[in-house]
Amino acid sequence: MAVEDNCKLKFLELKKRTYRFIIFRIDGQQVVVEKLGNPQETYDDFTNSLPADECRYAVFDLDFTTNENCQKSKIFFIAWSPDSSRVRMKMVYASSKDRFKRSLDGIQVELQATDPSEMSFDIVKSRAL
């Protein structure tokens, strides 16, 4: 599975705070950028951008406050694979995930979700702490 150069470029821009999130999809035999979230968008905007019945990869730059009241930020890699998606699609995304994730240098937390409840804001924040 090839990774379009634009994926890496947009990820570098996310690390510089140009975007809040990026959603990627597999198109044919390569991973491409599907949507870019501007810095003002929220976690809810991000989760609402994921299709209910198709797999996607995504990165999200989460800002949060620690228990010690420190402002921090972590970059999440999310493998979205809803139960309602086609089996073949799930297999393609699962088999390509590690290679794609390795091409994005700077991922701090990985999360796999098959249902919106598995990536609620509380769960994501608890993984960040």
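# A tour by selection

Start with Glu34 and Arg56: their side chains form a salt bridge, 2.9 Å from N to O. A salt bridge here is a Lys or Arg side-chain nitrogen within 4 Å of a carboxyl oxygen of Asp or Glu. Glu34 sits in strand β3 (residues 30–37) and Arg56 in strand β4, so the pair ties together parts that are 22 residues apart in sequence. Helices (H or I, at least four residues) and strands (E, at least two) are DSSP runs, numbered from the N terminus.

Before moving on, note that this is a predicted model: local features need pLDDT of at least 70, side-chain atom pairs count only at pLDDT 80 or more, and totals for chains, interfaces and linings use all residues. Residues are numbered from 1 along each chain as its sequence is written, and side-chain values use heavy atoms, with hydrogens and water left out.

**Stay with Arg56.** Is Arg56 buried or exposed? Arg56 is buried, at a relative accessible area of 6%. Glu34 is partly exposed at 32%. Buried means under 20% relative accessible area, exposed over 50%, and partly exposed in between (1.4 Å probe, protein chains only). Glu54 is partly exposed, at 31%. Select Arg25 and Asp27 as well: with Glu34, Glu54 and Arg56 they are linked in a network of salt bridges.

**Next, select Arg17 and Asp63.** Their side chains meet in a salt bridge of 2.9 Å, N to O. Arg17 is in the loop between α1 (5–15) and β2 (21–27), while Asp63 is in strand β4 (residues 56–65); the two are 46 residues apart. Arg17 is partly exposed at 40%, and Asp63 is partly exposed at 32%. The structure holds 10 salt bridges.

**Turn to the core.** In soluble globular proteins, nonpolar side chains tend to be buried together. Select Phe24, Tyr57, Val59 and Phe100. These have the most contacts inside the largest nonpolar core, which has 20 residues. Such a core is a set of buried Ala, Val, Leu, Ile, Met, Phe, Trp, Tyr and Cys residues joined through side-chain atoms within 4.5 Å. The elements giving two or more residues to this core are α1, β2, β3, β4, β5 (71–80) and α3 (87–102).

Centre on Phe100. What is Phe100 in contact with, leaving aside neighbours within four places in sequence? The partners are Val3, Cys7, Phe24, Val31, Tyr57 and Phe77. Contact means heavy atoms within 4.5 Å. A second, separate core has 18 residues, including Phe46, Ala58, Met119 and Val124.

**Now pick Phe21.** Phe21 lies in strand β2. Phe21 is buried, at 0% relative accessibility.

**Last stop: the largest pocket.** Select Met1, Ile26, Gly28, Gln29, Arg86, Arg88, Met89, Val92 and Tyr93, which line the largest pocket. The largest share of this lining, 4 residues, comes from α3. On a 1 Å grid over the protein atoms alone, a pocket is an open set of points where a 1.4 Å probe fits, with protein on both sides within 12 Å along at least five of seven lines; lining residues have an atom within 4 Å of a point.
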